[in-house]
Amino acid sequence: MNSTIILALALVLVLEGLGPMLYPKAWRRMISSLAQLPDNILRRFGGGLVVAGVVIYYMLRKTIG
């Protein structure tokens with residue numbers, strides 16, 4: 001695997017772990033409320049995250065090299 005992808009995965013794991021580590025009760029409530037949302041809302045939310053990630057990746061890739 002490309003080292004950039006591994007570095008990005010590591011950063012995602014760190015950021016994802018901060019919520020349950022620092023605020024476990026609030027994180028649990030957030031996950032519970034997300035589980036109650038309809039599928040189409042979750043798909044839109046997930047799609048928005050994917051698009052945002054691709055845009056950020058493209059911007060950084062263009063800026064760095």
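**Reading surface and fold in a predicted chain**

User: What does the accessible surface of the chain come to, and what share belongs to carbon and sulfur atoms?

Analyst: The accessible surface comes to about 6,000 Å², and carbon and sulfur atoms hold 72% of that. Such areas come from the Shrake-Rupley method with a 1.4 Å probe, and for residues only the protein chains shown count as cover. This is a predicted model, where local features need pLDDT of at least 70, side-chain atom pairs count only at pLDDT 80 or more, and totals for chains, interfaces and linings use all residues. Residues are numbered from 1 along each chain as its sequence is written, and side-chain values use heavy atoms, with hydrogens and water left out.

User: How many helices and strands does the chain have?

Analyst: Helices (H or I, at least four residues) and strands (E, at least two) are DSSP runs, numbered from the N terminus. Here there are three helices and zero strands, in the order α-α-α from the N terminus on.

User: What percentage of the 65 residues is buried?

Analyst: Buried means under 20% relative accessible area, exposed over 50%, and partly exposed in between (1.4 Å probe, protein chains only). In this chain, buried residues make up 0%.

User: Why does L15 count as exposed?

Analyst: L15 counts as exposed because its relative accessibility is 54%. L15 is in helix 1. S3 also lies in helix 1, which covers residues 3-22, and S3 is exposed at a relative accessible area of 55%.

User: What radius of gyration does the chain have?

Analyst: The radius is taken over C-alpha atoms, and the globule rule is 2.2 Å times the number of residues to the power 0.38. The chain has 15 Å, whereas a compact globule of 65 residues would have a value near 11 Å.
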